[in-house]
Amino acid sequence: MKKNILLSFVPHTAFLILRIGIGIMFMFHGMPKLFAGAQTWEFLGSQMSVIGISFAPVFWGFMAALSETLGGLLLILGLFTRPAALLMLFTMFIAALMHFTNGDGLKGASHAIEMAIVFSTVLIAGSGKLSLDHLFFASRKK
C-alpha cells in the first residue's frame, strides 16, 4: 500500500521539477528585459508587427518582459499557472514568428517553439497537486 501512495506522487513531483526549472530559467531570461527600460521594451514590442500590431510598442515590450519574469515566478509557485502559461505561450509564439520573419528559420525559432510546447502542456495540464493552485483552488472544485 505504501508503494502505491509513493508512486502516485511521482508524476506530481516530476511536474513540480519541470515548473521550477522552467520558471527559474524564464525569470533569469525575463528580468534583464524587464529592468532594461523603455528602449528595450520598445524594441521587444515592435516585434508585434509580425501579427499586424504596430501601436504602443513600449507597452507590448513591457508586457513581454513582465510575462517572462512574473510568469516564471508564478510557474515556480504553481499559482495562477494556466493564465501565466497562456501569456508565456503567446510571448513564445511572437518570438518564433519574429525569428521566422527575420530569416532565422527553424534553427533560430527552435527555442521559442520548444518553450511554446512546454507552455501548451502546462496550459492543458495545470499546475499539478504540488502547487499553490491546488492548495488554494482545488477545494472549490469539489
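1. What lies over the buried residues of α6 includes α2 (10-36), α4 (57-77) and α5 (81-101). Helices here are DSSP runs of H or I with at least four residues, and strands are runs of E with at least two, numbered from the N terminus. Please keep in mind that this is a predicted model, in which local features need pLDDT of at least 70 and side-chain atom pairs count only at pLDDT 80 or more, while totals for chains, interfaces and linings use all residues. Residues are numbered from 1 along each chain as its sequence is written, and side-chain values use heavy atoms, with hydrogens and water left out.

2. Which residues of α6 are buried? They are A109, A112, M115, A116, V118, F119 and V122. Buried stands for under 20% relative accessible area, exposed for over 50%, and partly exposed for what falls in between (1.4 Å probe, protein chains only).

3. The expected span is 1.5 Å times one less than the number of residues in the helix. After α6 comes G126, with a positive phi near 85°.

4. Helix α5 also has 21 residues, and from first to last C-alpha it reaches 30 Å, close to the expected 30 Å. Its buried residues are T81, A84, A85, M88, L89, T91, M92, I94, A96 and M98. The residue G103 follows α5 and has a positive phi, near 85°.

5. How many salt bridges does the structure hold? There is 1, where a salt bridge needs a side-chain nitrogen of Lys or Arg within 4 Å of a carboxyl oxygen of Asp or Glu. The partners are K33 and E68, whose closest N and O atoms are 3.1 Å apart. This pair ties together distant parts of the chain, with K33 in helix α2 and E68 in helix α4, 35 residues apart. E68 counts as buried because its relative accessible area is 3%.

6. I20, I24, M25 and F28 make up a nonpolar patch with about 390 Å² of accessible area together. Patch members have over 30% relative accessible area and no salt bridge; nonpolar side chains (Val, Leu, Ile, Met, Phe, Trp, Tyr) are joined within 5 Å, like charges within 9 Å. I24 is partly exposed, because its relative accessibility is 36%. P11 is also found in helix α2 and is exposed, at 52% relative accessible area.

7. For the overall picture, the protein has 7 helices and 0 strands, and its C-alpha atoms fill a box of roughly 60 × 30 × 25 Å along the principal axes. Of its 142 residues, 33% count as buried. Taking contacts (heavy atoms within 4.5 Å) between residues at least 6 apart in sequence, 69% join residues at least 24 apart.

How values were computed: Areas by Shrake-Rupley, 256 points an atom, 1.4 Å probe, with all protein chains shown as cover.
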